Amino acid sequence: MDPLAADPSRAALHRLRAEVAKAVVGQEGVVTGLIVALLCRGHVLLEGVPGVAKTLLVRTMAAALDLSSRRVQFTPDLMPGDVTGSMVFDARTAAFTFREGPVFTNLLLADEINRTPPKTQSALLEVMEERQVTVEGEQRVLPDPFIVAATQNPVEYEGTYPLPEAQLDRFLLKLTVPLPSRDEELGVLRAHHTGFDPRDLTAAGVRPVADAADLTAARTAVGRVHVAEPLLGYVVDLCRATRATPALELGASPRGATALLGTAKAWAWLNGRDHVVPDDVKAMARPTLRHRLRLRPEAELEGVGVDPVLDTVLATVPTPR
């Protein structure tokens, strides 16, 4: 039996990928990564140079999923209350009322998150971890689903504030948004030449093809994906190997291991399986772990990258049979 026909929620999320492709040329891997994050209730850090459709990708995903979406442009003068919301005096009632910030949405695009100071970055910590906002001692729960898709530019460092390890660890995935191939770039130009407007997704033909109910059913199905004991050991061994790698001064934490387990289950389910195989773990190891690792200064000076280090770990840790 066709696995897509057997599970309507899986079929809906596969339609989602096709719908996003109406506005975003290429970037299939990044689209799949965002879907994995939605399935795992995780947040995503998108890294890529300007002009590779990071913002368009998130907006299109929200439109095709029939979810609410808001965008925050992070700047050096942005205050925590500008993100989470604040108490505002209402002259008509002579009382303070809470005005919701942009985090009260399903899909929050945090554009150029590393351009805002640590005080404002830290305002997102409670939001990302607890999915709530505390103002004046009162907790306000965010909508469900809720994920943060944050972008950062990997080549421009002037006027930026690197994200601390504690906040990087809150992101489930770090996805690299590559430059398009020649054929893909030609596709982008043809679309714009024939009238495509990235600000008008409706005119581009993007329609909701899945909703929150599909996402809820999919999450339940992912939770039922079986993981054999040897695969659990494999995930642990991979993460422990990063802590013993000479090129790294910081390896993957137990939170990284649980994240890798979750993303491997989501990947397996998207590919039509009810159990995890070693290739599922390998497929999700780089995007799940790369931002949780820190190179030693001498390794950086030698031009070593985190992904090649992960490749070495994956090649040396024995794979379960």
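This is a predicted model: local features need pLDDT of at least 70, side-chain atom pairs count only at pLDDT 80 or more; totals for chains, interfaces and linings use all residues.
Glu112 is partly exposed, with a relative accessible area of 23%. Its place is the loop between strand 5 (107-111) and helix 6 (118-130). Check the backbone here: phi of Glu112 is near 50°, a positive value in a residue other than glycine. Most residues other than glycine have a negative phi.

Next, go to Arg131. Arg131 sits in the loop between helix 6 and strand 6. Its phi is also positive, about 55°, although Arg131 is not a glycine.

Step on to Gln132, in strand 6 (residues 132-135). Gln132 counts as buried because its relative accessibility is 14%, under the 20% cut-off. Show what surrounds Gln132. Leaving aside neighbours within four places in sequence, Gln132 is in contact with Glu126, Val127, Gln139, Arg140, Val141 and Leu142.

Now display the peptide bond between Asp144 and Pro145. That bond is cis, with omega about 5°. Most peptide bonds are trans. Pro145 belongs to the loop between strand 7 (138-141) and strand 8.

Return to Glu112 and pick one of its contacts, Phe74. Phe74 lies in the loop between strand 2 (69-73) and helix 5 (80-84). Is Phe74 buried or exposed? At 1% relative accessibility, Phe74 counts as buried. Beyond four places in sequence, Phe74 is in contact with Val83, Ala110, Asp111, Glu112, Ile113, Arg115, Thr116, Thr120 and Leu124.

Asn153 is the next stop. Look in the loop between strand 8 (147-152) and helix 7 (165-168). Asn153 is buried, with a relative accessible area of 7%. Which residues is Asn153 in contact with, leaving aside its neighbours within four places in sequence? They are Gly48, Val49, Pro50 and Asn114. Asn114 is 39 residues from Asn153 along the chain, and their C-alpha atoms are separated by 8.4 Å.

Zoom out and colour by domain. The chain is divided into domain 1 (1-204) and domain 2 (225-320). Their C-alpha centres lie 24 Å apart. Across the boundary, 22 residues of domain 1 are in contact with 19 residues of domain 2.

Show the nonpolar side chains now. The largest nonpolar core has 74 residues, and Leu16, Leu39, Met61, Trp269 and Val281 touch the most other members. Both domain 1 and domain 2 give residues to this core, so the core lies between them. Apart from that core lies another, of 23 residues, including Leu78, Met128, Ala150 and Leu163.

Centre on Leu39. Setting aside neighbours within four places in sequence, Leu39 is in contact with Leu13, Leu215, Ala218, Arg219, Val222, Ala266, Trp269 and Leu270.

Finish with two helices. Select helix 12 (residues 278-289) and helix 14 (residues 306-316). Their packing angle is about 145°, and their axes are 10 Å apart. Helix 12 passes helix 14 in a right-handed crossing. Which residues meet there? Helix 12 brings Lys282, Ala285, Arg286 and Leu289; helix 14 brings Leu310, Asp311 and Leu314. Colour this contact by residue type: four are nonpolar, none is polar and three are charged.

How values were computed:
Residues are numbered from 1 along each chain as its sequence is written. Side-chain values use heavy atoms; hydrogens and water are left out. A nonpolar core is a set of buried Ala, Val, Leu, Ile, Met, Phe, Trp, Tyr and Cys residues joined through side-chain atoms within 4.5 Å. Buried means under 20% relative accessible area, exposed over 50%, partly exposed in between (1.4 Å probe, protein chains only). Domain bounds come from an automatic or database domain assignment. Contact means heavy atoms within 4.5 Å. Axes are lines fitted to C-alpha atoms, for helices over the stretch in contact, and angles run from 0 to 180 degrees between N-to-C directions. Helices (H or I, at least four residues) and strands (E, at least two) are DSSP runs, numbered from the N terminus. A crossing is left-handed if the near helix is turned anticlockwise from the far one by less than a right angle, and right-handed if clockwise. Ala, Val, Leu, Ile, Met, Phe, Trp, Tyr, Cys and Pro count as nonpolar, Asp, Glu, Lys and Arg as charged, and the others, Gly among them, as polar.
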